Each structure stands twice: as C-alpha cells, then as structure tokens.
Amino acid sequence: MTTQETTSKTTASATAGASIPNVQKNAPGATTVSGATGAAEPAATRGKTSIADVVVVKIAGMAAREIPGVYDMGGGLSRTIGAVRDRVPGGRPNVGRGVKVEVGERQTAIDLDIVVEYGVPITDVAHDVRENVIAAVERITGLEVVEVNVAVNDVRLPDDDTTDSEGETRVE
C-alpha cells in the first residue's frame, strides 16, 4: 500500500467517524438531547446535552413553592423528616420533597404532593401550580411537559402552629 492510499483511508475513516455520533451510555436518570456532529455543523448544535431527573425535580419544586397558598410539599412522613432536617445546623431545605418526575428524551411528566393553606380555593392553587411548573420546566430545560398531576395531601389550619399557652392538655 502506498503512502497516498494510507493517507486517503485515514482521512476517509476520520471523516466518516465525524459524521457518526459518539454513542455513550447516560447516567441513570439522565436525559440526553443530541445535536449534530462534524466540523460543517454550527458550533451551537455540536454535541449533546444531558439533563438529570434531579434537575427537573428541583425546578418543579421551586416553581410549585412560588405559588401563594402552597404551604408545604410532600406527604406526612416526608414533611416530618424534612422538618427535622431543616432544624439541623447547616442543613438545607429539600426543594425536591413531594416531587416525582419521569423524564424521557424530549418530554417529562411531573407528580406533586402539596399542602395548601386553609381558605384558599384548592382548584385555583392547583391550576396556578400547574401553569407555573410547566412554564418553568419548559423554559429552563427545553423539555415538553406532558402532564403535571397535583395531589393535595393536607390543609394547614391557622392554629396548627400555636400551642396551648398554659401548657395543659385537655386529657389527663
């Protein structure tokens, strides 16, 4: 084989390899958006972007908490554990508490467990939560949100945080 034939084959294989995307396994719970490869493609479309499930969980949790009338998120046990964690010095609140997601290549579905304040219209709060979560997730991640299911697990009553000032119990 001549030097020119070797160079031609090397160049051909390098060129062919540039047009074939590099296939890699993603970490569990991550979504990959693939772009084109090769020197002829615009720089912004070369390569791929991976979005982990936890990213969508945090965005949805923050967006849901922004809505007036949402007191807390999560079921009873997760709220109790979260309250203990929040009291530990140096601990950070878990913004993903009460949020479950399923993330595909281009779409995501979100389930939320919320606690609402007493007196607010629950259907209005759920509607506002849905709109805010969909807008935030789609704007930040570029994923299409196919559904947001809102489960209201509890209502925070105005006297839930107050204790008996005398320290006496009703039952002895």
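Accessible areas here come from the Shrake-Rupley method with a 1.4 Å probe. The model is predicted.

**Exercise 1. Overall description**

Find the accessible surface of the protein, the share of carbon and sulfur atoms in that surface, and the percentage of residues that count as buried.

Solution. 
- Step 1. The accessible surface of the protein comes to about 11,700 Å².
- Step 2. Carbon and sulfur atoms account for 54% of that surface.
- Step 3. The protein has 172 residues, and 26% of these count as buried.
- Step 4. For the fold, count the elements: four helices and six strands. In sequence order they give the pattern α-β-β-α-β-α-β-β-α-β.
- Step 5. Take the contacts between residues at least 6 apart in sequence; 62% of them join residues at least 24 apart.

**Exercise 2. Strands E4, E5 and E6**

Determine how E4 is joined to E5, and how E5 is joined to E6.

Solution. 
- Step 1. E4 and E5 run antiparallel, with five bridges between them.
- Step 2. E5 (residues 107-117) and E6 (residues 144-156) run parallel and are joined by 11 bridges. Asp-113 has Ala-151 in E6 as its bridge partner.
- Step 3. Helix H4 (residues 122-141) forms a right-handed β-α-β unit with E5 and E6.

**Exercise 3. The two faces of E4**

Sort the side chains of E4 by the face they point to, and state which are buried.

Solution. 
- Step 1. In a regular strand, side chains alternate between the two faces of the sheet.
- Step 2. Along E4, Val-99, Val-101 and Val-103 point to one face and are buried.

**Exercise 4. Salt bridges**

List the salt bridges found in the whole structure, and place the residues of each one.

Solution. 
- Step 1. The search returns three salt bridges.
- Step 2. One of them is between the side chains of Arg-97 and Asp-72, at 3.0 Å from N to O. This pair links distant parts of the chain, 25 residues apart: Arg-97 lies in the loop between H3 and E4, and Asp-72 in strand E3 (residues 70-73). Both Arg-97 and Asp-72 are buried.
- Step 3. Another joins Asp-113 to Lys-100, with the closest N and O atoms 3.7 Å apart. Asp-113 is in strand E5 and Lys-100 in strand E4, so this pair ties together parts 13 residues apart in sequence.
- Step 4. Arg-156 belongs to strand E6 and Glu-117 to strand E5, so the pair ties together parts 39 residues apart in sequence. Arg-156 counts as buried at 15% relative accessibility, while Glu-117, at 25%, is partly exposed.

**Exercise 5. The surroundings of Arg-97**

Which side-chain and backbone groups does the side chain of Arg-97 reach?

Solution. 
- Step 1. Locate Arg-97: the loop between helix H3 (76-87) and strand E4 (99-103).
- Step 2. Check its burial. Arg-97 has a relative accessible area of 11%, so it is buried; the cut-off is under 20%.
- Step 3. The side chain of Arg-97 makes a polar contact with the side chain of Asp-72 at 3.0 Å.
- Step 4. The side chain of Arg-97 also reaches the backbone oxygen of Met-73, at 3.1 Å.

**Exercise 6. The surroundings of Ala-60**

Is Ala-60 buried or exposed, and which residues beyond its neighbours within four places in sequence are in contact with Ala-60?

Solution. 
- Step 1. Ala-60 is part of helix H2 (residues 53-65).
- Step 2. The relative accessible area of Ala-60 is 0%, so Ala-60 is buried.
- Step 3. With the neighbours within four places set aside, Ala-60 is in contact with Val-99, Ile-110, Val-133 and Val-137.

Technical notes
Residues numbered from 1 in each chain as written. Predicted model: local features only at pLDDT ≥ 70, side-chain atom pairs only at ≥ 80, totals over all residues. Heavy atoms only, no water. Buried < 20%, exposed > 50% of the residue type's maximum accessible area, 1.4 Å probe, protein only. Polar contact = N/O pair within 3.5 Å; in protein donor to acceptor, adjacent residues only side chain to side chain. Pairing = 2+ DSSP bridges. Right-handed = clockwise from strand over helix to strand, strands pointing away. Salt bridge = Lys/Arg side-chain N within 4 Å of Asp/Glu carboxyl O. Contact = heavy atoms within 4.5 Å.
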